[in-house]
Amino acid sequence: MLSRLLPERNIHFTSSTLTWREAITQVAAPLLEAGDITPEYIRAMLDSVEAGGTYIDLGHGIALAHARPERGVVRTGIAMLRLAEPAALLDQPEHAVDLYFCFAAADADAHMRAMASLARILSDADTRQALRDAASAAEVVELITEFEESE
Amino acid sequence: MKFLAMCSTGLGSSFMVRMNIETIVRELDLPDITVEHSDISSAGPDSADVFFVAKDLEDAAHGLGDVVVLNSIIDMDELREAVKSAAARHGLV
């Protein structure tokens, strides 16, 4: 499920120092380019963090940027951006994040299935660490595929 | 006994926490616990026996009753301890 929604082309690594706004905009860029989301969805994600949305911080340096489906999701998709330097949400050091995911779900059903898949992977301590240690998009895809096959 | 995972929209993180609590409840073989998730604004003191929120919603959950505040919503070790203590507080173990 997740390996299909998070293809290699949606996984990027950057060595640039980014703000949280730039990080969210960049993690979402492959979804925007593919037509999975509209620019409105990126604005909605930024607005929700601006409005106090540090809830997208999952802990362990990982954030899951998302907004409601009706705010501009065309097709369900997930993207990932690994930063060399953390970009703290709302510039709050306690919300330092260096692994951003963008989650775009077209409807509630897709939302639940994809979220369940992502939650299992991120809640598994070994896989989470391996994901943080991964150095390439191919490696990330391989990790996720292995995890899904082992379930 | 009802455990309720909450987040601001009732869509994302609360669902993740609910799944993880369900896994732990099965793993620990705890009796008679149902787990649900919802948005925090529709929850009241009668909605559940124990409420689980991430730390950014700590203030919003004030007054609901037995509220467990999580530092990370994907940390199974932290959640396992929280579920165990909640079960103990309510006389389930």
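Let me start where the two chains meet. The contact takes 19 residues from chain A and 15 from chain B. Keep in mind throughout that this is a predicted model.

How much area is buried between chain A and chain B? About 1,600 Å², and carbon and sulfur atoms give 68% of that. If you wonder about the unit, the size of an interface is often given as the accessible area lost when the parts come together. On the chain A side, Tyr55(A), Leu58(A) and Ser123(A) supply 33% of the area that chain A buries against chain B, more than any other three residues.

Which elements of chain A touch chain B? β2 (57-59), β3 (62-66) and α4 (108-123) of chain A each supply at least two residues of that side. The most comes from α4(A), with nine residues.

The UniProt entry, which is unreviewed, annotates residues 4-147 of chain A as "domain: PTS EIIA type-2". Over that stretch, chain A is 44% helix and 17% strand.

On to chain B. Here an unreviewed UniProt entry gives "domain: PTS EIIB type-2" for residues 1-91 of chain B. Those residues are 33% helix and 23% strand, with the end C-alpha atoms 10 Å apart.

What is the order of the strands in the open sheet of chain B? It runs β2-β1-β3-β4, four strands, and the pairing is parallel. At the edges are β2 (34-39) and β4 (67-70) of chain B, each pairing on one side only. From one strand to the next, the twist averages 25 degrees.

Take one pair from that sheet. Strand β1 (residues 2-7) of chain B pairs with β2(B) in the parallel sense, over six bridges. Within this pair, Phe3(B) stands opposite Val35(B) in β2(B).

Two helices of chain B pack on the sheet. Helix α1 (residues 13-28) of chain B touches β1, β2, β3 (50-54) and β4 of chain B, and its direction makes about 170 degrees with that of β2(B). Helix α2 (residues 76-89) of chain B touches β1, β3 and β4 of chain B. The direction of α2(B) makes about 170 degrees with that of β4(B).

That is where I stop.

Conventions: Residues are numbered from 1 along each chain as its sequence is written. Chains are lettered from A and ligands numbered from 1 in the order in which they are written. This is a predicted model: local features need pLDDT of at least 70, side-chain atom pairs count only at pLDDT 80 or more; totals for chains, interfaces and linings use all residues. Side-chain values use heavy atoms; hydrogens and water are left out. UniProt positions are given in the numbering used here, feature names are shortened, and annotations may be inferred rather than shown by experiment. Two strands pair if DSSP finds at least two bridges between them. Axes are lines fitted to C-alpha atoms, for helices over the stretch in contact, and angles run from 0 to 180 degrees between N-to-C directions. Contact means heavy atoms within 4.5 Å. Buried area is the accessible area (1.4 Å probe) that two parts lose on being put together, summed over both.
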